[in-house]
Amino acid sequence: MVFFLVDDLGYMDIGANNPDTFYETPNIDQLSKSGMRFTDGYAANPVCSPTRYSILTGKYPTRVDATNFFTGTRPGKFRPAPLNNRMPLEETTLAESLKSSGYATFFAGKWHLGPSEEYWPEHQGFDVNQGGHNAGGPYSGKRYFSPFENPRLEDNTTGEHLPDRLAKEASKFIEQHKDEPFLTYLSFYSVHTPLMAPPELVQKYKDKAKRLGLTDKEAFGEEEKVWGKAEWEGRPVRHLQNHATYAAMVEAMDQAVGRVLKQIDDLGLTEETIVILTSDNGGLSTSEGWPTSNLPLRGGKGWVYEGGIREAFMIRAPGITKPGTTSGEPVCSIDFYPTILDLCGQSPPAEKIVDGVSLKPLLRGEPTLDRESLYWHYPHYSNQGGFPGGAIREGDWKLVERYEDGRVHLYNLKEDIGELNDVAEQNAERVAAMRDRLHRWYKEVDAKFLQSKYGQQPWHPFQD
């Protein structure tokens, strides 16, 4: 089992999802062709830590109040909901489940699931931890280039590039354990900020942008603004992919994916190895360098619009999945835990709550799952400008609920993937039914909401 998790990778950043992307991702595109690509795959949350929690546990992170990145507490008009900033040690993680049945387990890269050492990968079921600790990005040393000064990654060659180093460590582990079951979980720090990449790759994309006439003159549009000064001015959002450094980061990450896939091939393990690739949230389009565009998806990281939660999502399961297939069934990061166990002939512990479902029927070619709804809960003001809100998706329909004032919006994603045409007024019965199911889910998972500020009370779904 090889699991690739790419930080902040946008749905439209890879060629498999977007043939017109500015970026070059040949290895990910080939992986997609060799398995099943999910066109409607989602992260459980529009920012990183909650989604990472969901992948490893199969749970909606709202169940433990892990509803923002650890530890994001930005105030806005109201105070955010209470935040739990660690994955509880009592959780039975994916690594612990596989390890208990004889799998060697390996983690490399970004963890960001606990503030101190007792919550790091080696205490959550991973035999080996290369680079995972509390930080949400490569913020120490020379960041994406060694010396990394990472407490879980030894510095070797000066100037070594981080994604390549992580791929080397993953490839070495695979070779060492080629004759036994293994889980290799490669959780890239890429393509998260800081925006840094090898100079020769950056120059390649500067030349490409110039050759294609892609300038910043018409690269930006405007999104709504819900916190900060001059709220009426709106928030810039990138509408054109032409950021050379970000493009170089995407390609360098793709090269690292290719290195690991080549190791699997070279060792003759291709037909024995399940490979998964996804991201933890949407591409960064509304702040912090504005490096990518998610169009036609609205918003990006930190938003409950599609740009913030729809992800690259692909699974190659030899002998089960027909190469080059796609599925339009809505699926989510909560589904990885039960899917992986199912593919490995296991079941979750009987006492464990699992919100996700196995995707094995889809991988075998069945058209749909027996599931009515997917849910999101983000009771925070995101660093990227996103508003506190929740959402529910049922079939082609998506309802968005705002937590400041309780307003709702309804979109038909089949007809309006950009979420620009709110049809709530024309579909009052559907809105009422979907909202009722969303509120019942809030109660099931004990969701928390915005808190008062300076005596002002926010809307609450269960207020009198």
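Modeller: Happy to! Let us start with the residues that line the largest pocket: Met-1, Tyr-103, Lys-178, Glu-180, Pro-181, Phe-182, Leu-269, Glu-272, Thr-273, Ile-274, Leu-343 and Cys-344. Please keep in mind that this is a predicted model. By class, the pocket lining has eight nonpolar residues, one polar and three charged. The volume of this largest pocket is about 190 Å³.

The structure has three cavities of 30 Å³ or more, and the largest cavity has a volume of about 80 Å³. Among the residues lining the largest cavity are His-133, Tyr-139, Arg-143, Phe-148, Asn-150 and Tyr-189. Its lining divides into six nonpolar residues, four polar and one charged. As for how such spaces are found, rolling a probe the size of a water molecule over the atoms shows where empty space is left.

Now look at helix H1, which covers residues 26–33. Which of its residues are buried? They are Ile-28, Asp-29, Leu-31 and Ser-32. These four cover an arc of only 160° around the axis, and that puts them on the same side of H1. The face turned away from that buried side carries Pro-26 and Lys-33, which are exposed. The cover over the buried residues of H1 includes strand E2 (36–38), helix H6 (244–266), strand E9 (275–279) and strand E10 (313–316).

A pair of aromatic rings is described by the distance of the centres and the angle of the planes. A search of the whole structure finds 26 aromatic pairs. Take Phe-22 and Tyr-205: their ring centres are 5.6 Å apart and their planes stand at 65°, so this pair is edge-to-face. It links distant parts of the chain, with Phe-22 in the loop between strand E1 (2–6) and H1, and Tyr-205 in helix H5 (residues 199–212), 183 residues apart. Phe-22 is buried, with a relative accessible area of 3%, and Tyr-205 is buried too, at 0%.

For a contrasting arrangement, turn to Tyr-375 and Trp-441, whose ring centres are 4.9 Å apart with planes at 5°, so the pair is stacked. Tyr-375 lies in strand E13 (residues 374–378) and Trp-441 in helix H10 (residues 428–444), so the pair ties together parts that are 66 residues apart in sequence. Tyr-375 has a relative accessible area of 13%, so it counts as buried, the limit being under 20%. Trp-441 is buried as well, with a relative accessible area of 3%. Aromatic residues also gather in a cluster formed by Phe-3, Phe-38, Phe-107, Trp-111, Phe-126, Tyr-185, Phe-313 and Phe-336.

Finally, find Gly-302, in the loop between E9 and helix H7 (306–309). Is Gly-302 buried or exposed? Gly-302 is buried, with a relative accessible area of 0%. Which residues does Gly-302 contact, leaving aside its neighbours within four places in sequence? They are Pro-46, Val-47, Tyr-378, Ser-382, Gln-384 and Gly-386. Compare that with Thr-270, which is 32 residues from Gly-302 in sequence and 36 Å from Gly-302 in space, C-alpha to C-alpha.

Methods. Residues numbered from 1 in each chain as written. Predicted model: local features only at pLDDT ≥ 70, side-chain atom pairs only at ≥ 80, totals over all residues. Heavy atoms only, no water. 1 Å grid on protein atoms, 1.4 Å probe; cavity = no way out; pocket = protein on both sides within 12 Å on 5 of 7 lines; lining within 4 Å. Points joined across faces, edges and corners; volume = space filled by probe spheres on them. Nonpolar A, V, L, I, M, F, W, Y, C, P; charged D, E, K, R; others polar. Buried < 20%, exposed > 50% of the residue type's maximum accessible area, 1.4 Å probe, protein only. Helix = DSSP H or I, 4+ residues; strand = E, 2+ residues; numbered from the N terminus. Arc of directions from axis to C-beta. Contact = heavy atoms within 4.5 Å. Phe/Tyr/Trp six-rings, centres within 6.5 Å; stacked < 30°, edge-to-face > 60°.
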